[in-house]
Amino acid sequence: ASFGFKEVAAEEKVGLVGEVFRSVAPSYDIMNDLMSAGLHRLWKDRLVSKLCPFAGMQHLDVAGGTGDIAFRVLEAIRRAETDVQQQSGEPHPSPGVVTVCDINPAMLEEGKKKAIAAKYDLQGLRWQEGNAEALPFQDHSMDGYTIAFGIRNVTHIDKALQEAHRVLRPGGRFLCLEFSQVVLPGLRELYDLYSMNVIPKIGRVVANDEASYQYLVESIRRFPDQDTFAGMVEDAGLQQVEYENLSGGIVAIHSGFKL
Ligand code: SAM
C-alpha cells in the first residue's frame, strides 16, 4: 500500500489513515472549502441528485466523515416524504433513515456536532463506526450506498466494493464520488501544480498539518483512472456501471446497480 511517498504494509496503512483523519477532523470542513474553492459542495449536490432519494429510503453513506452527504440525502428523503404526504394526506409509515458509517470516531463526532448545530432531523440519522471492508450491516439491507472521497483511503478497494454489493438490496444504487484523472488538456498541468504545491501549504497554514495534506494529494495521484475504476466496480458484481466526469475529471462519479 502507498502512504505519501513511502511504501507501507497494508495493516500499517489503516493506522496511518486513521492518524490523518484524527488529525484533520476539526479543520476538515473549512479545509474542503478552501482547497476546492467551494466546488466540493457542488460535486456533493450532484452525487445526491443522481441518487434520486425517495420516501422511506434506507441509505448508507460509507466513509461518511462529518456527514456532508448524509445531510443532503436526508433532506431529499424528507422532501420526498412531504410530497407523498401532501398527495395522500397521511404521514409516511416508515420514514427513511440515513446511516453514516466511518472508521474514525473523531470524524463521526464532528458530524454529530454539525447535525445538532444545523438542527437536522436526528431521528433520521444513525452514526456507526465501521470499516468499509467489513460493513456492520446485513445483506440486502440498503436501498442506496454512497462513498464520497472515501474509497481511495481504503486499503483493499475490491473488498469495499464487494461489501457495497452485499449490503445493497436488489435494485439498489451504488454511487462513488472520488478524485480522478483530469481529462482536459491544460487543466491537468495547472491542477498538478496546484495540488502538489498549494494544497500542502494551505494544510500547513490553516490546519498546522502539512504531512496529512501531502498524504491526501499523494493518495489522489495514485487512485486508478476512470475506466480502471469502472472495471473494479463491475468486478464486484455491480451492473450498468458508468461514470460522469465533473470539473474536467478533477472528480468523477461512478454509478452502478445491484440487479
Ligand atoms: N465523505 C466525507 C466527505 O465527502 O466530506 C468524508 C471524506 S474524508 C476525505 C474520508 C473519510 O474516509 C474519513 O472520514 C476517514 O475516516 C474515512 N475512512 C478511511 N478509511 C476508511 C475505511 N476503511 N472504512 C470507513 N471509512 C474510512
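Valine 62 stands opposite cysteine 101 in strand β4, a pairing within a predicted model in which local features need pLDDT of at least 70, side-chain atom pairs count only at pLDDT 80 or more, and totals for chains, interfaces and linings use all residues. Residues are numbered from 1 along each chain as its sequence is written, and side-chain values use heavy atoms, with hydrogens and water left out.

Strands β3 and β4 run parallel and are joined by 5 bridges, where two strands pair if DSSP finds at least two bridges between them, and where strands (E, at least two residues) and helices (H or I, at least four) are DSSP runs numbered from the N terminus. Together with helix α4 (residues 68-88), β3 and β4 make a right-handed β-α-β unit, right-handed being a path from the first strand over the helix to the second that runs clockwise with the strands pointing away from the viewer. The chain then crosses from β4 through helix α5 (residues 105-117) to β5 in a crossover that is also right-handed.

Strand β4 (residues 97-102) has 6 of its 6 residues buried, that is, under 20% relative accessible area with a 1.4 Å probe and protein chains only. Val97, Thr99 and Cys101 point one way from β4, whereas Val98, Val100 and Asp102 point the other way.

Definitions and conventions. Buried < 20%, exposed > 50% of the residue type's maximum accessible area, 1.4 Å probe, protein only.
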